[in-house]
Amino acid sequence: MSAIPSFDHLAAPYRWMEYFTFGPLLMRTRLAFLEELKNSRRTLVLGDGDGRFTRALLSANPALHVDAVDCSPSMLRALASRAAPFSRRLRTHCADLRQWQPEAQGYDLVITHFFLDCLNGDELAALVARILPALAPHARWVVSEFSIPPRPRMLAGLARLLVAALYFAFRILTGLAVRQLPDHSSAFQRAGFTRLGRKNFLAGVLIAELWSAPRLA
Ligand SMILES: C[S@@+](CC[C@H](N)C(=O)[O-])C[C@H]1O[C@@H](n2cnc3c(N)ncnc32)[C@H](O)[C@@H]1O
């Protein structure tokens, strides 16, 4: 297994780096299904980052409890500070998600915003297999990711360049060993998940997807 990446020194500037590169687009992608999540009660946020989405989720849904997992102590501190008004409904776990095993059961929502791209295909399939037994029958899983649109060819080429540049930057900044987007759709489908919806941003270079766990399908 490759060394764990370190996002610690990015926790403070992360929001501004994002804003100067993509403006509000990543946040719009994260929030794409927020309205549909109002009935959720127990949520796992994997690779949470600095907590901007988790704060919005806790604020939008007063009955919801969150277990947030990230390997970066600084990211988790930023999350705890940002979501301080909702601290009674938030637990943080500092762990490597390539090995982490949920202790609790019955999660009805999983969130992975721009995190699955930190895993290779095998690590992603193993993560889905480890999380699946901890899910409630009606559980849903939200994915935000970069994507290479199949058409037109020029857009696909530009998207490939953008993704390669991002992986290069994160390799330098964090030591991330992964070099290409894993095929999360195939991994979810193989595990029995069904895609309920998909929203495109930036002409399909950014995608938000809502998946349902096998027992709901
Ligand atoms: C690209 S950032 C995305 C953060 C956030 N979800 C967002 O939407 O901006 C990836 C996050 O996943 C965390 N991460 C990366 N690899 C990890 C791993 N193997 N285990 C746990 N967390 C990891 C990083 O610390 C970072 O906070």
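Predicted model: local features only at pLDDT ≥ 70, side-chain atom pairs only at ≥ 80, totals over all residues.
A backbone N or O atom of D48 lies 3.2 Å from a nitrogen atom of the ligand, and a backbone N or O atom of C71 is found 3.1 Å from a nitrogen atom of the ligand. The ligand sits in the largest pocket, and the protein covers 97% of the 590 Å² of accessible area that the ligand has on its own.

**Contacts and shell of the ligand**

- The ligand is surrounded by 19 residues, of which R30, G47, D70, L97 and H113 are the closest.
- Sorted by class, the shell around the ligand is made up of 10 nonpolar, four polar and five charged residues.

**The largest pocket**

- The pocket in which the ligand sits is the largest one, and its volume comes to about 870 Å³.
- Its lining is formed by 47 residues, and those closest to the centre of the pocket are F7, Y14, F114, C118 and F170.
- Several elements each supply at least two residues of this lining, namely the helices α1 (14-22), α2 (25-30), α3 (52-60) and α6 (153-174), together with the strand β1 (42-46).
- Among the contributors, α6 provides the largest share of the lining of the largest pocket, with six residues.
- In terms of residue class, the lining of the largest pocket contains 30 nonpolar, seven polar and 10 charged residues.

**The second largest pocket**

- The second largest pocket holds about 210 Å³ of space, and 13 residues line this pocket, with F146, S147, I148, H184 and I207 closest to its centre.
- Two or more residues of its lining come from each of the strands β5 (135-146) and β7 (206-212) and from the helix α7 (184-190).
- The lining of the second largest pocket divides by class into six nonpolar, three polar and four charged residues.

How values were computed:
Residues numbered from 1 in each chain as written. Heavy atoms only, no water. Near = heavy atom within 4 Å. Polar contact = N/O pair within 3.5 Å; in protein donor to acceptor, adjacent residues only side chain to side chain. Areas by Shrake-Rupley, 256 points an atom, 1.4 Å probe, with all protein chains shown as cover. 1 Å grid on protein atoms, 1.4 Å probe; cavity = no way out; pocket = protein on both sides within 12 Å on 5 of 7 lines; lining within 4 Å. Sits in = over half its atoms within 2 Å of the grid points. Nonpolar A, V, L, I, M, F, W, Y, C, P; charged D, E, K, R; others polar. Points joined across faces, edges and corners; volume = space filled by probe spheres on them. Helix = DSSP H or I, 4+ residues; strand = E, 2+ residues; numbered from the N terminus.
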